[in-house]
Structures are given as C-alpha cells and as structure tokens.
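Hello,

Here is the structure I promised to pass on to you. Please open it first, and then read my notes below alongside it.

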2 protein chains.
Amino acid sequence: MTHTSFAPRGSTAEIEEGERLSPKFDADGLVTAVTVDADDGTVLMVAHMDARALALTIETGVAHYFSRSRGKLWKKGEESGQFQTLVELRVDCDQDAVVLRVRMPSLGPGVPGAACHTGHRSCFFRSVPLGAAPTPELKLAVNDEGRLFDPAAVYGTPKKTDAPRF
Amino acid sequence: MTHTSFAPRGSTAEIEEGERLSPKFDADGLVTAVTVDADDGTVLMVAHMDARALALTIETGVAHYFSRSRGKLWKKGEESGQFQTLVELRVDCDQDAVVLRVRMPSLGPGVPGAACHTGHRSCFFRSVPLGAAPTPELKLAVNDEGRLFDPAAVYGTPKKTDAPRF
C-alpha cells in the first residue's frame with residue numbers, strides 16, 4: 001500500500017475544503033494522529049501515521065500508527081489487548097493531522113480502557129500550572145485517578161521509548 | 001525566553017511520570033499542540049509551539065503557537081479577535097505534545113467561536129469513510145454545520161498557508 005491510495009494534493013481550496021483525502025505527509029512520511037475517547041472526548045494520546053498505517057486504519061476501522069521509536073507499523077493493542085475501534089476518523093483543513101474518535105475495551109467493571117503505556121487512561125495525565133512564567137522548578141499536577149494497570153505486568157521490563165508502546 | 005525556562009530532560013521515569021516540565025522539542029524546536037474546547041471536548045485544531053510560545057502560553061493563559069508557514073510567533077486571535085483562553089494545559093508522558101483546553105469568544109447568540117481559518121468551528125470538519133481501503137476517489141463528509149464566519153471578510157484575500165492563520 002502506498003501514497004497512491006490517496007488523492008494527489010490539489011489547490012489549497014481543494015485540500016482545505018474539498019471532498020478528497022490527500023494527506024500532507026511530512027519529511028518523515030507522517031501525519032499527526034490525535035486519539036480521543038468517542039464518548040467523553042478525553043484526549044487519550046498523540047501519535048503518528050505513515051501512509052500504510054492511515055490506510056489500514058481506514059480499511060479496518062482499528063487504529064494503526066507508525067512507531068517512531070521502533071521504526072515500524074504499530075497496531076495499537078498488539079501487546080496489551082487494548083485495541084482502539086474507530087467510531088469516526090476526521091481530517092483537518094490542511095490534511096496533515098487526523099483525529100480518531102475511538103472506543104477501547106474496559107479494564108474491569110466501571111474502569112475504562114487505558115491508552116498510555118504508563119498505565120494511565122490518557123497520556124495527558126499531568127497538568128501545567130498557569131499564570132506565571134515557567135521555571136525549571138515548575139511542578140506538574142496529576143489530573144487523573146492514577147494507573148489503571150501495572151505496566152510491568154503487561155509489558156515486562158520497562159524499555160526506553162519515545163512513544164506509547166501498546 | 002529560552003529552553004532554560006524548563007527543566008532539563010532527565011531519566012525516562014522522571015520525564016514520563018515526574019513533576020517537572022521538560023518538553024521534548026523536535027529537530028525544528030517544536031512540540032505538538034492539540035487544542036480542544038474546554039466545555040465539550042471538541043478537537044478544534046492541531047498546531048505547534050516552540051519554547052517561547054509554550055512559555056508565553058503558560059505565563060499568560062492565552063494560546064500562543066509557532067506558525068510554521070510564517071516562521072514566527074503566532075498569538076491566536078491577532079487578526080480575528082478569536083483568542084483562546086486556557087482552562088487547562090496538559091502534557092503527555094514523553095512531553096513532546098500538549099493539550100490546551102480553551103474557551104473562545106462566541107461569534108453571536110448561540111454561536112461558538114471558530115478556530116479554523118476556513119470559518120469552521122474546528123479544523124476537523126470533515127470525516128473519512130471507514131471500512132474499505134482508501135482510493136483517490138474516497139469522498140470526505142462534512143461533519144459540522146458549516147462556516148461560522150466568512151474568511152474573506154475577516155482576512156481579506158485568501159493566502160496560501162500550511163496552518164490556520166488566526
């Protein structure tokens with residue numbers, strides 16, 4: 001599967017307001033993917049897709065990304081079982097970013113799925129205090145209820161990574 | 001203002017689960033910024049921030065980005081008046097992306113603000129049909145109620161851009 005799955009880039013008007021999908025892949029061949037909970041809108045994670053991952057996501061309705069840390073296709077949930085089923089896929093005006101509205105398997109009664117390899121529901125589980133210029137001493141605050149699973153139990157020994165891994 | 005506003009990058013554990021803000025700027029000096037409506041969670045736009053834009057956003061509580069198309073600081077709303085006031089700023093596990101939960105000025109009674117330079121509320125106003133491999137003929141569907149303002153009236157003659165401009 002290659003870029004020819006998509007329409008060629010046309011005029012600005014065609015790209016920004018037309019009916020064709022003609023993604024703007026960056027120098028690394030990637031678009032930005034923002035994944036949100038389809039039901040409550042929580043931003044779960046930000047990752048990237050190459051043409052193949054985007055095409056597979058569209059075809060299967062299950063989220064596929066390109067792992068920059070591992071340099072390969074990444075079907076989310078391969079290791080953890082936490083697959084992401086798409087309810088909707090959106091594309092932005094200049095077509096260099098997509099939004100995935102997804103559902104994930106519950107981790108137990110009343111417990112949502114978890115998108116972050118740290119065990120948190122969302123990768124964005126810390127907030128930055130506002131209203132003063134940042135300093136190295138600035139202190140982040142945790143904005144969720146903590147881990148929903150133990151990463152060591154799911155993944156084994158922690159590895160260095162620059163992206164969520166499951 | 002420079003990177004010294006932020007803590008140095010530490011161990012993976014410190015970065016991913018610690019209390020310090022130590023952003024991972026990419027080769028262009030940018031992090032990814034995802035901006036969502038603070039009230040209903042709608043993803044409004046995806047843009048980028050350099051260290052200065054991130055520091056100004058934290059200090060002022062008003063969204064600042066780095067415009068890649070114009071190569072300079074971009075205080076959203078400069079041209080349109082559609083400033084974005086932060087309710088919360090979140091950072092992800094590896095600290096290469098932030099989520100801005102914002103409020104924008106209403107464009108009229110019962111009309112929300114609009115974050116997209118096309119006049120739509122969100123840049124993500126088109127959806128991609130799922131369930132079949134994409135082809136160049138794939139047809140996007142508009143998923144909102146249309147433009148909330150006339151871009152020509154706000155910006156004058158359209159310009160080529162790779163990012164929302166106001």
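Let me begin with one residue, Ser5(B): at 8% relative accessibility, Ser5(B) counts as buried, where buried means under 20% relative accessible area, exposed over 50% and partly exposed in between (1.4 Å probe, protein chains only). Ser5(B) sits in the segment before helix 1 (12–17) of chain B; helices (H or I, at least four residues) and strands (E, at least two) are DSSP runs, numbered from the N terminus. Apart from its neighbours within four places in sequence, Ser5(B) is in contact with Pro134(A), Thr135(A) and Pro136(A), contact meaning heavy atoms within 4.5 Å.

Before going further, please note that this is a predicted model, in which local features need pLDDT of at least 70 and side-chain atom pairs count only at pLDDT 80 or more, while totals for chains, interfaces and linings use all residues. Residues are numbered from 1 along each chain as its sequence is written, chains are lettered from A and ligands numbered from 1 in the order in which they are written, and side-chain values use heavy atoms, with hydrogens and water left out.

Now to the two chains together. In chain A, 67 residues are in contact with 67 residues of chain B. About 5500 Å² is buried between chain A and chain B, and carbon and sulfur atoms give 57% of that area; buried area is the accessible area (1.4 Å probe) that two parts lose on being put together, summed over both. Phe124(A), Arg126(A) and Leu130(A) supply 13% of what chain A buries against chain B, more than any other three residues. There are six salt bridges between chain A and chain B, each a side-chain nitrogen of Lys or Arg within 4 Å of a carboxyl oxygen of Asp or Glu. The side chains of Arg68(A) and Asp96(B) meet in a salt bridge at 3.0 Å, N to O.

The chains also share an open sheet of six strands, in the order 8(A)-7(A)-5(B)-6(B)-1(B)-2(B) and with mixed pairing; two strands pair if DSSP finds at least two bridges between them. At its edges are strand 8 (141–142) of chain A and strand 2 (43–49) of chain B, each pairing on one side only. Strand 7 (residues 126–127) of chain A pairs with strand 8 of chain A in the antiparallel sense over two bridges, and Arg126(A) stands opposite Val142(A).

Next, have a look at strand 1 (residues 31–37) of chain A. Seven of its seven residues are buried, so strand 1 of chain A is largely enclosed by the rest of the structure. Val31(A), Ala33(A), Thr35(A) and Asp37(A) point one way, and Thr32(A), Val34(A) and Val36(A) the other. This strand pairs with strand 2 (residues 43–49) of chain A in the antiparallel sense over six bridges, where Val36(A) has Val43(A) as its bridge partner. With strand 6 of chain A, strand 1 of chain A pairs in the parallel sense over six bridges, and Val34(A) stands opposite Val99(A).

Lastly, an unreviewed UniProt entry annotates Cys93(A), Cys116(A) and Cys123(A) as "binding site"; such annotations may be inferred rather than shown by experiment, and positions are given in the numbering used here, with feature names shortened. These residues span 31 residues in sequence and the farthest two C-alpha atoms are 27.7 Å apart, so they do not all gather at one spot. Cys93(A) is in the loop between strand 5 (85–91) and strand 6 (97–103) of chain A, and counts as buried at 0% relative accessibility.

Best wishes
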